[in-house]
Amino acid sequence: EAPPPELGFALSMGVFRSMLVQVLWMRAAEMPRDKRFYELVQLYDLIGKLQPHNGMVWAYAAWNMSYNISVEIPSSRERWRWVQNGLDRLRFHGLRYNPDNMLLYWELAWIYFHKIGKNMDDSHLYYKTELAGDIQNTFGAFKDMQAGSVRAALSGNGESGAARAVAASLRANYAMDINLMADTEEDPRFGPLDWRIPETHAIYWARQGLIKGHYGKRRVDLERILYQSLQHLLRQGMLIYFPAQNDAPAHVVSWPDYRQVWAIVRMFESQVELFAREKASDVGVRSAFHYFLQEALEILFIAGQENEAEKLFRYASEHFPGATSGASDLREYVSSTTAKRIKDMSGDQFSALVSSLLVQHFWWLGRGDEKRSAALLTRAQELWKLNAQLNPRAPRQINASFEDLEKGTIHAIAAGRIFHPEIMARLRLVLPEYLRRVLEESLASPAATASKPPAPGEAPGREAGP
């Protein structure tokens, strides 16, 4: 539909078009060696217009920009621009001419999952922060980013100006359809989805490829993206976005999202059934299922979700007895696996683990969920005691007592204005006296008062969560 003028010219060249394409590809192969990246982009534009229905053209250009060219640039900001250029090449151009090519959907999903979501690139934290900030600003007050759903927001706002503005922004900047996003959230294979996280975008594009694609890639490759993305969400699917303040740049912090556990179990079960129907060896998928159950048990227990951990332990004991290592109960199993993990941690790694649990403890305490908050605090204290038993030199390595770590965490939360003011107001009422003093002193410090915090409901796009 509405092809650009250059395409009409290219088609009119007839047989000479293939000769021109060959010459352009030869030139394109030489330019990266000479660091002529911007000229290379122009060549890719022209090649794409000469070969619009060849999916490999768009996939190769996007991969080269996002992976090879980006790492040649020292600046994280400039690297992010190249990664975005690769994504745009696929979603705004490649899929325009090849809407049923599964390869292009897979390439899009893979860049989000691997390049942005994983830690293979030195600038991966910058990519995650930029994506989270942009999506959070796009939604603004339209959606609670950690609760509810796009569908609920649509039904609540309907044809409102806010709903139309968000839908238009997503279409213009991400080529995403807000109704298809809502459909993805409602897919029974997935748990709750946070659109600020790259793995959620990977799930969206892989799912669209499975629905719309007909050639160019095996369906199993797109299914694998769904499964791998869900596992990443289990490990780090709860996110807080910290906006830039004073001299501190914006950044994100994430921790495990145990809500994904049963969605992944359902997906594994469907994969086992598929292999059985096709009478194929299921050794690989059952092995992956086995290791997932072990990881999920530990995550649930450490996150204070003992009831869910008990359910999963009973499930694993029934279906995969080897996954529970012969333990008679959940605590026996987790104690043995946690002890092994803590022994391999440095002092800094261990204190970071406990600090993460404390941040979650204060977060849920400020949101009024005292049961979840208490479970996280208990778990942090248990890990602290276990580390002291396993490592007599632990106090010297960590250089802090548990109370000192609590105070330091509260100071960081208050001085950095990490939480919403309503959460901070509740913490002022419910914290123990020794932590309340730290909170008040930190809030009164010059660093914390240099920029006025937003009032409840004000500038929600720049707050660090609901």
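User: Which residues are linked with Asp187 in a network of salt bridges?

Analyst: Good place to start! In this predicted model, Asp187 is linked with Arg189, Arg207 and Glu223 in such a network. The structure holds 24 salt bridges.

User: What makes Arg331 and Glu382 a salt bridge?

Analyst: Set the distance against the cut-off. The side chains of Arg331 and Glu382 come to 3.8 Å, N to O. A salt bridge needs a side-chain nitrogen of Lys or Arg within 4 Å of a carboxyl oxygen of Asp or Glu, so a pair at that distance qualifies.

User: Why is this pair said to tie parts together?

Analyst: Because Arg331 lies in helix H16 (residues 330–343) and Glu382 in helix H18, the pair ties together parts that are 51 residues apart in sequence.

User: Why is Glu382 called partly exposed?

Analyst: Its relative accessible area is 31%. Buried means under 20% and exposed means over 50%, so a value in between is called partly exposed. Arg331, at 40%, is partly exposed as well.

User: How do you know that Asp369 forms a salt bridge with Arg372?

Analyst: Their closest N and O atoms are 3.5 Å apart. The limit is within 4 Å, so Asp369 and Arg372 pass the test. Asp369 has 26% relative accessibility and counts as partly exposed, and Arg372, with 22%, is partly exposed too.

User: Why are Glu433 and Arg437 separated by about one helical turn?

Analyst: Because they are four residues apart in helix H22 (residues 433–444).

User: How do you know what span helix H18 should have?

Analyst: Helix H18 (residues 370–390) has 21 residues, and at 1.5 Å a residue they should span 30 Å. The expected span uses one less than the number of residues. The end C-alpha atoms of H18 are 30 Å apart, which agrees. Among the buried residues of H18 are Leu376, Ala380 and Trp384.

User: Does Met19 count as buried or exposed, and why?

Analyst: Met19 has 51% relative accessibility, so it counts as exposed, the cut-off being over 50%. Met19 lies in helix H2 (residues 16–30). Together with Val15 and Phe16, Met19 forms a nonpolar patch on the surface, with about 350 Å² of accessible area together.

User: And inside, which residues touch the most other members of the largest nonpolar core?

Analyst: Tyr112, Trp205, Phe289, Phe292 and Leu293 do, in a core of 83 residues. Helix H6 (residues 102–116) gives the most to this core, with eleven residues. Apart from it lies another core of 36 residues, including Ile302 and Leu431.

Definitions and conventions:
Residues are numbered from 1 along each chain as its sequence is written. This is a predicted model: local features need pLDDT of at least 70, side-chain atom pairs count only at pLDDT 80 or more; totals for chains, interfaces and linings use all residues. Side-chain values use heavy atoms; hydrogens and water are left out. Patches are made of residues with over 30% relative accessible area and no salt bridge: like charges are joined within 9 Å, nonpolar side chains (Val, Leu, Ile, Met, Phe, Trp, Tyr) within 5 Å. Accessible areas come from the Shrake-Rupley method with a 1.4 Å probe; for residues, only the protein chains shown count as cover. Helices (H or I, at least four residues) and strands (E, at least two) are DSSP runs, numbered from the N terminus. Buried means under 20% relative accessible area, exposed over 50%, partly exposed in between (1.4 Å probe, protein chains only). A nonpolar core is a set of buried Ala, Val, Leu, Ile, Met, Phe, Trp, Tyr and Cys residues joined through side-chain atoms within 4.5 Å.
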